[in-house]
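Below, a predicted model is examined by asking what each structural label rests on. Each answer sets a computed value against its cut-off.

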Amino acid sequence: MSENARLKFFCDEHRCISCDGCSVACAEAHELPAGINRRKVIAMNEGIAGLEYSLSIACMHCTDAPCEQVCPTDCFYIREDGIVLHDKEKCIGCAYCLYACPFGAPQFPEDGAFGVKGVMDKCTMCAGGPQETNSHKERELYGQNRIAEGKVPVCASMCATKALLVGDSEAISAIYRERVLSVGHGVKTQPYGWSTAYGSKI
């Protein structure tokens, strides 16, 4: 990865099968409490035949993150690789970030009297938080830090159809461009069928 890499998520709507595996894997890996969904799968154009498709949505780690711009306590920070993180110890639960985010990424664990929401939680792209890397406190507050281990986020790693891509924005663009150009050219490799699974003698 280059020094100027900007890590981004991209969901290929032509491949997403709305299995919710990414959101389940995220919740399981980070031991999220009930009601917190860092990643969710949404259906677009639902009920319109031929136009329906699904998208896996989480924090998109914007280059000019609106959540960072409106936060009164400056709890958000953007790493050099483009990952947008936040400091839960600075968050006051005002929910300005929720209103500013076009993706609905910020999550709040409580819905109490007088608008008490609790400390905000969101997708960290499996990059932890401001605490010491892979420390007990970082794990407790933010979940796994897979980026520090050289792994891709758990949601992308388990996507069965490889609809959810994550990485440097230029690399993601190249992968998607190749997919678009390969449409209509047939299957490039031998498909997995009966003979492959059971042998040609059966």
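Q: In which sense do S1 and strand S6 pair, and over how many bridges?
A: S1 and strand S6 (residues 164-168) pair in the antiparallel sense over five bridges, and two strands are said to pair if DSSP finds at least two bridges between them. Within this pairing, Phe-10 stands opposite Leu-165 in S6. The model is predicted, so local features need pLDDT of at least 70 and side-chain atom pairs count only at pLDDT 80 or more, whereas totals for chains, interfaces and linings use all residues. Residues are numbered from 1 along each chain as its sequence is written, and side-chain values use heavy atoms, with hydrogens and water left out.

Q: Which helices and strands does the protein chain hold, and in what order do they run?
A: Seven helices and six strands make up its secondary structure, where helices (H or I, at least four residues) and strands (E, at least two) are DSSP runs numbered from the N terminus. Read from the N terminus, the elements follow the order β-α-β-β-α-β-β-α-α-α-β-α-α.

Q: Why is strand S1 called largely enclosed?
A: Four of the five residues of strand S1 (residues 7-11) are buried, so the strand is largely enclosed by the rest of the structure. Buried means under 20% relative accessible area, exposed means over 50%, and partly exposed lies in between (1.4 Å probe, protein chains only). For the protein chain as a whole, buried residues account for 39% of the 202 residues.

Q: What makes Phe-10 and Tyr-176 an aromatic pair, and which geometry does the pair have?
A: The structure holds one aromatic pair. Its members, Phe-10 and Tyr-176, lie 5.0 Å centre to centre with 65 degrees between the planes, and the pair is edge-to-face; the rule asks for ring centres of Phe, Tyr or Trp (its six-membered ring) within 6.5 Å, and planes under 30 degrees apart count as stacked, over 60 as edge-to-face and the rest as tilted. Phe-10 belongs to strand S1 and Tyr-176 to helix H6 (residues 169-182), so that the pair links distant parts of the chain, 166 residues apart. Phe-10, at 26% relative accessibility, counts as partly exposed, and Tyr-176 is partly exposed with a relative accessible area of 24%.

Q: How do you know that Asp-12 and Arg-179 meet in a salt bridge?
A: Their side chains come to 3.0 Å, N to O, and a salt bridge is a side-chain nitrogen of Lys or Arg within 4 Å of a carboxyl oxygen of Asp or Glu. Asp-12 lies in the loop between S1 and helix H1 (21-29) and Arg-179 in helix H6, 167 residues apart. Asp-12 counts as buried because its relative accessibility is 3%, and Arg-179 counts as buried because its value is 15%. A search of the whole structure finds seven salt bridges.

Q: What makes the contact of Lys-88 with Asp-121 both a polar contact and a salt bridge?
A: The side chains of Lys-88 and Asp-121 meet in a salt bridge at 2.6 Å, N to O. That pair joins the loop between S5 and H3, where Lys-88 lies, to the loop between H3 and helix H4 (136-142), where Asp-121 lies, 33 residues apart. The two side chains also make a polar contact at 2.6 Å, a term for a pair of N or O atoms within 3.5 Å, of which, within protein, one must be able to donate a hydrogen and the other to accept it, residues adjacent in sequence counting only if both atoms are side-chain atoms. Lys-88 is called buried because its relative accessible area is 16%, and Asp-121 is buried too.

Q: Where does the charged end of Lys-88 sit?
A: The charged end of Lys-88 sits over the ring of Tyr-142, 5.5 Å from its centre, the criterion being NZ of Lys or CZ of Arg within 6 Å of the ring centre and within 35 degrees of the ring normal. The charged end of Arg-39 likewise sits over the ring of Phe-9, 4.5 Å from its centre.

Q: Why does the salt bridge of Lys-137 with Glu-89 tie together separate parts of the sequence?
A: Lys-137 forms a salt bridge with Glu-89, their closest N and O atoms being 2.5 Å apart. Lys-137 lies in helix H4 and Glu-89 in the loop between S5 and H3, so the pair ties together parts that are 48 residues apart in sequence. Lys-137, at 40% relative accessibility, counts as partly exposed.
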